[in-house]
Amino acid sequence: MATDFKSIPLIVAFHGADISPLLANWDDPNMAEDKGVAEVVRQLDQACREAGFFYVISLTISSASFSIRQCIVIKQKGHGIPDSLVKEVRSVTRKFFDLPYEEKTKIKLSAATGYRGYQRVGENITKGIPDMHEAIDCYREVKQGMYGAFSNPLEGCNEWPTNPPNFRHLMEVYISLCTDLSRKIMRGIALALGGSVDELEGKRAGDPFWVFRIIGYPGVSCGHDMANSDIGCGAHTDYGLLTLVNQDDDITALQVRNLSGEWISAVPIPGTFVCNIGDMLKILSNGLYESTLHRVINKSPKYRVCVAYFYEPNFNAAIEPLDVCIENSGGTKKFEAAVYGKHLVSKILTNFVD
Ligand SMILES: O=C(O)CCC(=O)C(=O)O
Ligand SMILES: [Fe+2]
């Protein structure tokens with residue numbers, strides 16, 4: 001939202017590049033001195049300032065059809081999420097949503113399940129309006145009394161379907177790989193903000209919470225009542241640090257708002273994640289980075305699948321602007337400290353009607 005961007009910047013991972021990559025050097029304490037890393041960090045900074053959204057690509061460059069001039073280059077080694085797994089995650093998601101409602105609702109989300117599980121189309125609410133999507137919501141486990149009273153609503157284990165049979169295993173492997181990838185990207189963002197490599201670890205996000213949404217958006221001809229709303233997911237910002245969106249390759253539906261209020265499509269690029277920054281990173285950066293408004297409208301006749309992984313701070317972290325960001329943004333602290341878990345719980349409690 002910070003500028004009038006007209007497209008989402010691209011960050012590319014590919015074989016054979018001679019630029020030393022952020023992802024291959026992520027655990028090197030001196031990684032900031034690597035020229036290749038410095039270039040990635042510069043471009044991450046630009047993407048976060050201008051759009052708050054960027055693509056990360058895991059294809060070989062020859063199979064990607066876009067202008068290399070726009071790309072931020074990261075070598076593939078160390079990326080860690082095979083494209084076959086990324087696709088399989090969408091494929092089992094589609095199989096689950098294809099099941100009859102009676103089957104899906106066996107893992108129904110409710111206050112009693114810690115807001116984990118399946119929700120039907122229209123059950124999730126954004127700013128008072130039902131969203132035209134169905135979903136399975138998952139969160140990192142919260143044990144009873146783990147963080148005190150404020151975490152009570154989220155206590156519980158995830159509700160996984162038994163059909164398709166490999167669903168849970170696949171998703172858990174995927175979540176773990178998304179956590180690793182996000183941590184590496186956040187190291188680049190920490191440097192981009194002028195902090196140390198581990199600025200966004202330890203008490204801030206050394207033990208990161210995660211949120212995981214498995215989402216299906218009916219197409220316009222799928223028989224759902226579109227009279228009330230054709231919005232798959234209403235305009236919102238994400239709550240945490242960094243989101244990795246794994247979307248269908250053939251449907252353009254995710255839209256991102258720029259400074260003048262235009263909605264810019266995050267056109268799918270096969271083999272990529274769309275990444276965006278959340279409210280907690282906006283606070284940490286003292287507003288240098290914006291958590292950009294986005295929404296989803298599926299105007300296609302086809303059913304759209306999206307699997308969104310959200311990398312978050314420690315659940316009980318008090319998040320406030322980094323000193324270096326206050327200095328770099330005029331010296332005034334623009335946000336008071338916010339406890340991440342409280343922010344999350346307050347959002348979740350307004351997302352559902354009883
Ligand atoms: O469906 C998408 O592309 C994005 C979904 C989203 O923005 C969210 O779940 O926060
Ligand atoms: Fe979102």
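**Buried histidine, ligand site and voids**

H133 counts as buried, at 0% relative accessibility. Buried here means under 20% relative accessible area, exposed means over 50%, and partly exposed is in between, with a 1.4 Å probe and protein chains only.

Ground rules next. This is a predicted model, in which local features need pLDDT of at least 70 and side-chain atom pairs count only at pLDDT 80 or more, while totals for chains, interfaces and linings use all residues. Residues are numbered from 1 along each chain as its sequence is written, chains are lettered from A and ligands numbered from 1 in the order in which they are written, and side-chain values use heavy atoms, with hydrogens and water left out.

Back to H133. Its place is the loop between β6 (129-130) and β7. Helices (H or I, at least four residues) and strands (E, at least two) are DSSP runs, numbered from the N terminus. The H133 side chain reaches the backbone oxygen of G232 at 2.7 Å. That is a polar contact: a pair of N or O atoms within 3.5 Å; within protein, one must be able to donate a hydrogen and the other to accept it, and residues adjacent in sequence count only if both atoms are side-chain atoms.

The loop in question runs between β14 and β15. A polar atom of the N298 side chain lies 3.3 Å from the backbone oxygen of P218. The N298 side chain also reaches the backbone nitrogen of S300, at 3.1 Å.

Now the ligand. Which residues are around ligand 1? They are R213, I215, Y217, H236, D238, V245, L254, H294, V296, R304, C306 and F310. The cut-off for being near is a heavy atom within 4 Å of the molecule. For Y217, an N or O atom of the side chain is 2.6 Å from an oxygen atom of ligand 1. For R304, a polar side-chain atom lies 2.8 Å from a ligand 1 oxygen. For H294, the distance from a polar side-chain atom to an oxygen of ligand 1 is 3.1 Å.

On to empty space. Rolling a probe the size of a water molecule over the atoms shows where empty space is left. The method uses a 1 Å grid over the protein atoms alone: a cavity is a set of points where a 1.4 Å probe fits but cannot get out, a pocket is an open set with protein on both sides within 12 Å along at least five of seven lines, and lining residues have an atom within 4 Å of a point. Grid points are joined across faces, edges and corners, and a volume is the space filled by probe spheres set on the points.

The largest pocket has a volume of about 570 Å³. Its lining holds 34 residues, and C233, H236, T237, D238 and Y239 lie nearest the centre. Which element gives the most to that lining? It is α8, with five residues. Elements that each supply at least two include β8 (210-217), β9 (233-236) and β15 (304-311). By class, the pocket lining divides into 16 nonpolar, 10 polar and eight charged residues. Ala, Val, Leu, Ile, Met, Phe, Trp, Tyr, Cys and Pro count as nonpolar, Asp, Glu, Lys and Arg as charged, and the others, Gly among them, as polar.

Cavities next. The whole structure has three of 30 Å³ or more. The largest cavity has a volume of about 70 Å³. Its lining splits into four nonpolar, four polar and four charged residues. Helix α2 gives the largest share, four residues. Among the lining residues are D83, K87, R90 and D249.

Helix α2 also holds V92. V92 is buried, at 1% relative accessible area. V92 and R168 are 76 residues apart in sequence, yet their C-alpha atoms are 9.9 Å apart in space.

Last, the cysteines. C157 is partly exposed, at 47% relative accessibility. For C325, the closest cysteine sulfur is in C48, at 11 Å, again too far for a bond. C325 is buried, at 0% relative accessibility.

Note on methods
A disulfide is a pair of cysteine sulfur atoms within 2.5 Å.
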